[in-house]
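Trainee: I would like a close look at one helix pair and its surroundings.

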Amino acid sequence: MSRRLNANRTVGVEKNLWVEFTQLAAAYNTVNLGQGFPDFSPPKFVTEAFCNAVSGGALMHQYTRGFVSGFICQRAVPISNILVTVGAYQALFSAFQALIDEGDEVIIIEPFFDCYQPMVMMAGGKPVYIPLRPVIEGGAVRSSGDWVLCPDELASKFTPRTKAIVINTPNNPIGKVYKTEELQMIADLCVKHDVLCISDEVYEWLTYDGAKHVKIASLPGMWERTITIGSGGKTFSATGWKVGWAISSGHIIKHMKTIHQNTVYHCATPAQEAVAQGFEREHELFGTPESYFQQLPAMLHRKRDKLASLLESVGLTPIMPEGGYFMTADFSSLKVDYKDQSSSDEPNDFRFVKWLIKTKGLATIPVSAFYSPEHSKDFEKYIRFCFVKEDSTLDAAADILRKWSEGQ
Ligand SMILES: Cc1ncc(COP(=O)(O)O)c(C=O)c1O
């Protein structure tokens, strides 16, 4: 072909962190605490529901309308307020495509799940970044709650061109769970400037140490301007099923439906059915010890604490997440030479992660990848570990770290 092949929207968004680091982790046969998925099975009640759906008659194999459950949002009316999507990814994609126009500004809070930036850009929007910064009061930063937004800096990012802000609570990668006051500050600015809020809440059931997940859509004036995004994959430890959803007011969802019906149209029926059954069960058992929404965070709490003490044992400084799947750790006080020549043009955390993979057989993810180029330099001393893993995987990581600390 003599004329240019690719469309403009593919330019500048080609790089993908997961492709690069997943390939590297596989090439070195590592213990993988990099990518965010459980290496254990989903609970039996949803796998059985999936099997029953598959053997449940002809209609379970045909197109369907989205599943619906009042449980994920009491205020939502099935069909008009909930759009079922191919994972939270497609809910995000549909939101940006439906609501962002050429030249619209979209405020993204850093560190951010990496797909927000290319999705905003592919819709023609302009990302505007604001970092959460660690606030140190009397010692090292030890909790994701110590990472906060500066109210004046946030207010300064809102302009007449601002169409939306993207928040993520509990956050990937640091595990911050936004407090009501923090959400109220964001909500006040959204209402004042008539701005939409895209709230990625895929880890909403996973909070620790009493941290409480609050939906920004529940604050005054926010229901009609918020798109709340969730993931069946994260909720029921079945990330491969790719069932997600967006919840919002009907006047927003109808535009997202336009994108959805003209792109994927509909999502896999048996997976939707299994997730719907999972929610029905959880609705009945909510607040009881049998509830998966109690059991999963309790299990992850133990894994989180185990990982933190392992990291401390080799001189890393873990930042305790209040929620989610991930823990970041500061490696700046380590006395190791990880800077080989082959990676000299890369950020320190990328070099450290590659060194860990190649020389220790342990895969993690560099945290500066979750920042824009304008702020990434300030956050090159952190790496991200995923702890939604079998104990045997964490034990294998422990062996590696133990040998390392013993100098072997
Ligand atoms: C913050 C966040 N949002 C969205 C997603 C995508 O979720 P899904 O697998 O349901 O598409 C992820 C997956 O890692 C995530 O961490």
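Which residues in α3 meet which residues in α8?

Mentor: This is a predicted model, in which local features need pLDDT of at least 70, side-chain atom pairs count only at pLDDT 80 or more, and totals for chains, interfaces and linings use all residues. Residues are numbered from 1 along each chain as its sequence is written.

Ser94, Ala95, Gln97, Ala98 and Leu99 of α3 meet His255, Met256, Thr258, Ile259 and His260 of α8; two residues are in contact if their C-beta atoms, placed from the backbone, lie within 7 Å. Helices here are DSSP runs (H or I, at least four residues), numbered from the N terminus. Helix α3 covers residues 87-99 and helix α8 residues 250-261; their axes are 8 Å apart and the packing angle is about 110°. Axes are lines fitted to C-alpha atoms over the stretch in contact, and angles run from 0 to 180 degrees between N-to-C directions. That makes α3 roughly perpendicular to α8 (65 to 115 degrees). The crossing of the two, α3 and α8, is right-handed, meaning that the near helix is turned clockwise from the far one by less than a right angle. By class, the contact of α3 with α8 has 5 nonpolar, 5 polar and no charged residues. Ala, Val, Leu, Ile, Met, Phe, Trp, Tyr, Cys and Pro count as nonpolar, Asp, Glu, Lys and Arg as charged, and the others, Gly among them, as polar.

Helix α3 also gives the most to the shell around the ligand, with 3 residues. The ligand is surrounded by 13 residues, the closest being Gly87, Ala88, Tyr89, Phe113 and Ser231; a residue is near if its C-beta atom, placed from the backbone, lies within 6 Å. That shell divides into 4 nonpolar, 8 polar and 1 charged.

Note on methods:
Parallel < 35°, antiparallel > 145°, perpendicular 65-115°, else oblique.
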